[in-house]
Amino acid sequence: MSEEYKFSYFNSFRMFNRMVYGVLIVATLLLWASGLTQGYAQYVYFFFAFLVMIIGDEIVFRKNRTKLPKLLLEIRFFAYPVLLSIGCSIRKLAPYYFAAMLLLIFFFILQNSVFCDIFNTYTNNIKCGILGIVTGLLMFIVQFRSSVNGVWFLIPVIVILVYVGLIFFVYYVVYRIVMHLDERYTKLYFKNADMISENKKLLKFQERVEKVNNEINYQKINLTKANDDLAKINEETRSLIEVMKYFTASFNVENNAHYMLENVVNIKETGAAALYLDKDVYMNEEPYLEIISENYVAGNLLKQDIESIYDTVKKRKSMTPLVLCENYDFKYPYLTGTNLCNAVVFPAYENENVYGVMVITSSKYDFFENGYAFYESSIMDFTSALISDRLYLQTEDMAKKDGLTKIYNRIYFNQFYPELLEEVSASGDVITVVMLDIDHFKRVNDTYGHLAGDEVIKAVAKVDNDFAKKYNGTAVRYGGEEFLLILRGKGVEETHAILKEMHQVIKSNVVEFEDYKIQVNSSIGLACYPETCDDIHEVLDRSDKAMYYSKEHGRGRITIDGREGE
């Protein structure tokens, strides 16, 4: 029987023995107190004997033992039965009390047999025989000696022999039970060992299977990720193709910029995206800025910092992307103060000259972990389209504008003016047409030469164009030294105030050519629909007539259609 199995009985015997001793002590005290039996000394002996047994069991069966107390168990095997037998030999006991002592001795023998290591037939039989004879003599002699006469003296001998036989029987029964349990335990132990061995093999096999499964799952994950990445790349490629198709169908740079930026935001799901183009990139007189942002604060910060970011990129003189922020690590003092996690600047360049930047931001961690290829392709495609658009715009501008003054020419005026009249007529709006002619221009050519005349024309055209931009109008070189200023939505009085200012600017503007200083003046006429004429198609002719009225009546003056006499 295993040590572990034996130790499992320790607590059980310890608790059970306590209850047995307690019951016997109570029974002893009751017999002593009742006076039903004689021999109080004998019951005092048993009382203290049980106390000794309790203390002895606490020593033998104490907790936290690591080894069996074999010597103590052997001493206990002989001491407790002899101690009880001596108590029985002092005086004859009550039959039921005597029977209790007899059963207790058998119980001690049973306990010793449970904790026996080897059931040696000689050693253990001798121990059991000696114990049986000694305890039998001590117990039964006193119990039967007073009632035996003559031949009946053999009764105690027979009883002792029966008692010894019962001891051997109890020992044999326990021995067979223990041996049977030990045999079963041995079989179970080896069977368990085999099962443990098989389990180890199964565990190793399971580990190999799990390892293979993990590898397969890992490959599946990688394959799924690769498929997702491939699908994303295909989506990005298709979107870039669609953007290029849009570029080829449109020559509007700002529309192309918006479409490209919107595609980037939709495909990459960015937090905010901005595109900044410097002035004079595509014949734009002011910088262009487009921002698409889901966050109002981020959009405002982009608008605030975009020019500084552009200046930083230009000074850097590198075409590679500039990382402003990587996973909350801000490397430049731009776009701080928001929940931005990542921000990268992509230079827009042509012939290694930076002309703009595209800024992409996101609040997602590791947003740019797949690289910058899509963004760089987008900005390069835009640059290619920009070159074509600029060439188209330049060609178109050459066709629309006068080569000397760079304001709209007569040919383009003849195209857009009828359409403008239709729009104004349909909307019921007001339109004022101003005709301007340079006074004594032929004298300038004759006196200073045609190159000087060109400088005078350019100076007056610039004033005309400046006022057109200031008041949302259109400036046109109508003839050699004749110019138009078309103002939509402004009546006679408002236009007259504007013309007085413009006329004064022209008069005060001295054109310097070589060593000459040329004083310039002009005659102006204006007509307004519907204030000065009822027919919108006559407003140009009426302004021309008003201008000639100014020239014929002293020059250097402003004439309002219908108010020539004023």
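**Entry 1: Asp439**

I looked up Asp439 and found this residue in the loop between β7 and α11 (441–448); helices (H or I, at least four residues) and strands (E, at least two) are DSSP runs, numbered from the N terminus. The model is predicted, so I note that local features need pLDDT of at least 70 and side-chain atom pairs count only at pLDDT 80 or more, while totals for chains, interfaces and linings use all residues. Residues are numbered from 1 along each chain as its sequence is written, and side-chain values use heavy atoms, with hydrogens and water left out.

Is Asp439 buried or exposed? Asp439 is buried, with a relative accessible area of 7%. Buried means under 20% relative accessible area, exposed over 50%, and partly exposed in between (1.4 Å probe, protein chains only).

I then checked the polar contacts of Asp439. The side chains of Asp439 and Ser523 are joined by a polar contact of 2.6 Å, and the side chain of Asp439 also reaches the backbone nitrogen of Ser522 at 3.4 Å. A polar contact is a pair of N or O atoms within 3.5 Å; within protein, one must be able to donate a hydrogen and the other to accept it, and residues adjacent in sequence count only if both atoms are side-chain atoms.

Not counting residues up to four places away in sequence, I list Asn521, Ser522, Ser523, Lys551, Arg555 and Gly556 as touched by Asp439; contact means heavy atoms within 4.5 Å.

**Entry 2: the sheet with β7**

I traced an open sheet of five strands in the order β8-β9-β7-β12-β13, with mixed pairing. Two strands pair if DSSP finds at least two bridges between them. The edges are β8 (474–477) and β13 (558–560), each with a single partner strand, so one side of each is left without a neighbour in the sheet. On average, neighbouring strands of this sheet are turned by 20 degrees against each other, direction ignored.

In which sense do β12 and β13 pair? Strand β12 (residues 522–529) pairs with β13 in the parallel sense, over three bridges. Within this pairing, I found Thr559 in β13 as the bridge partner of Gly525.

Two helices lie across β7, β9, β12 and β13. Helix α13 (residues 492–508) runs at about 165 degrees to β12, and helix α14 (residues 539–552) at about 150 degrees to β12. Axes are lines fitted to C-alpha atoms, for helices over the stretch in contact, and angles run from 0 to 180 degrees between N-to-C directions.

**Entry 3: Asp402**

I next examined Asp402, in the loop between α9 (373–400) and α10 (410–427). At 15% relative accessibility, Asp402 counts as buried. The side chain of Asp402 reaches the backbone nitrogen of Leu404 at 3.3 Å. Leaving aside neighbours within four places in sequence, Asp402 is in contact with Ile407, Tyr408, Asn409 and Arg477.

**Entry 4: the sheet with β1**

I followed six strands forming an open sheet in the order β2-β1-β6-β5-β3-β4, with antiparallel pairing. Here β2 and β4 (329–330) stand at the edges, each with a single partner strand, so one side of each lacks a neighbour in the sheet. Helix α7 (residues 253–268) packs on this sheet and touches β1, β2 and β6, its direction making about 25 degrees with that of β2. Helix α8 (residues 296–316) lies across β1, β2, β3, β5 (342–350) and β6, running at about 140 degrees to β6.

How many residues of β1 (residues 272–277) are buried? Six of its six residues are buried: Ala272, Ala274 and Tyr276 on one side, and Ala273, Leu275 and Leu277 on the other.

Six bridges join β1 to β2 (residues 288–293), antiparallel, with Leu277 opposite Tyr288 and Ala274 opposite Ile291. Six bridges also join β1 to β6 (residues 353–362), antiparallel, and Leu275 stands opposite Met358 there.

**Entry 5: the whole chain**

I counted 14 helices and 13 strands in the chain. The radius of gyration (taken over C-alpha atoms) is 60 Å, well over the 24 Å that the globule rule gives for 566 residues, so the chain is more spread out than a compact globule; that rule is 2.2 Å times the number of residues to the power 0.38. Along its principal axes the C-alpha trace spans about 185 × 55 × 50 Å. Of the 566 residues, 42% count as buried.
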